[in-house]
Amino acid sequence: MKYSSLENEYLIALLKSAIKKEALPPVPDNLDWQELVAISKKQQVYSIIAAVLNAGLLPEKQAQELNVYIQNELLRLLSMKSELDALESALQEKQIKFMLLKGSVIRNYYPQQKMRQMSDIDILYDYSKRDDLFKIMKSRHFRLTTSCENSDDFFKEPFYTFEWHRELFFEEAAFCPHFDLWKNAKPDQDNPYKYHVESTEHFVYTICHMFKHYATNGCGIRFLCDIYVLMNYGEKMDMDRALDELDKIGIKDFALDAIGLTEAVFKDAEVSENQQKMLDFLLSNGVYGNLVVDYSKKLSEFGGSKSKYFFRRLFPERKKMLANYRQLEKKPYLLPFYYIVRLFTKIKYNSKSAKTELREINKINK
């Protein structure tokens with residue numbers, strides 16, 4: 001494998017050491033610790049390398065930063081677990097079926113749960129009980145920050161973020177695989193409304209989730225870590241069945257490249273040309289890619305016209321508004337009103353991201 005920088009190469013070595021519980025690799029000469037820490041944060045794998053790094057190896061500034069981070073992350077982990085326990089009890093009381101997704105499941109297979117960073121907790125739930133869910137979140141002092149195509153996102157100070165998914169993917173998106181995680185899921189022994197997905201289905205979902213980001217604004221190397229722990233430390237899965245499912249979805253070749261690259265990174269296997277390109281792309285992005293790439297693609301859909309781009313951003317198509325505001329299904333005449341609601345919601349909760357988008361679009365346009 002080839003690496004674009006010494007820091008990228010050593011970061012991969014540290015990830016391998018932490019996840020496989022191997023000896024810490026020697027620190028290369030001329031390593032820029034500040035750059036390595038910056039990359040690991042961008043990729044959201046800082047928790048993984050923090051688990052094995054000795055503060056004595058680091059320059060004073062990075063050593064202090066590491067100690068503060070570890071303490072804060074432990075507090076965050078315990079607090080989020082406590083909040084999730086309370087929500088699970090409330091969901092059981094209201095008889096709402098739910099299923100944990102993504103990081104909150106995968107982190108159980110890492111050598112230490114704290115290794116798997118999560119900015120939020122993703123939960124698939126019975127959408128017919130949406131009103132009851134909203135009452136639960138309100139009673140626990142959460143506020144709705146975003147209601148998008150397939151999820152409702154809630155936040156509570158200082159860091160509690162929960163994404164409640166009514167669907168895995170958005171029907172109108174370019175990539176929308178159809179498979180049902182509920183089909184083979186089994187109820188929890190202690191909570192009959194909490195379901196656990198089979199390992200094979202969760203692996204398929206992880207690959208699909210990775211592809212969705214890879215094909216739009218990109219993704220990072222944490223997906224390789226997740227794939228490795230699912231394949232090697234998770235519950236036994238049927239890989240043939242998983243690949244058959246991914247073949248039906250149309251991304252089997254992508255899956256094989258992702259699996260092959262994972263093997264290369266963690267087991268020192270050879271990489272193909274496609275896998276090397278994938279590695280370069282993953283290392284050039286953040287955990288969920290580069291927003292500039294996404295903005296560029298969207299702007300190109302409007303022939304580079306900023307006015308058309310921003311008009312559509314301010315006034316999405318009717319199908320997108322229906323996905324965000326299901327009340328419109330029964331009262332379509334309220335569409336103009338909900339455009340106003342959407343605008344003020346964005347101003348109140350997403351003004352910072354809107355300013356960032358405006359700035360980047362202006363740069364791209366120039």
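Where is the place of His165?

## Strand S5 and the model

His165 lies in strand S5 (residues 160–165); strands are DSSP runs of E with at least two residues, helices are runs of H or I with at least four, and both are numbered from the N terminus. The model is predicted, so local features need pLDDT of at least 70 and side-chain atom pairs count only at pLDDT 80 or more, while totals for chains, interfaces and linings use all residues. Residues are numbered from 1 along each chain as its sequence is written, and side-chain values use heavy atoms, with hydrogens and water left out.

His165 has a relative accessible area of 4% and is therefore buried (under 20%; exposed is over 50%, partly exposed in between; 1.4 Å probe, protein chains only). Leaving aside neighbours within four places in sequence, its contacts (heavy atoms within 4.5 Å) include Leu101, Lys102, Asp122 and Tyr125.

## Nonpolar cores

A nonpolar core is a set of buried Ala, Val, Leu, Ile, Met, Phe, Trp, Tyr and Cys residues joined through side-chain atoms within 4.5 Å. The largest one has 92 residues, and Phe162, Trp164 and Met210 have the most contacts inside it. Helix H4 (residues 60–93) gives this core its largest share, eight residues. A second, separate core of seven residues includes Leu322, Leu335, Tyr338 and Tyr339.

Not counting residues up to four places away in sequence, Phe162 touches Met80, Leu84, Leu87 and Phe142, among others.

## Phe315

Phe315 is found in the loop between H13 and helix H14 (318–324). Its relative accessible area is 34%, so Phe315 is partly exposed.
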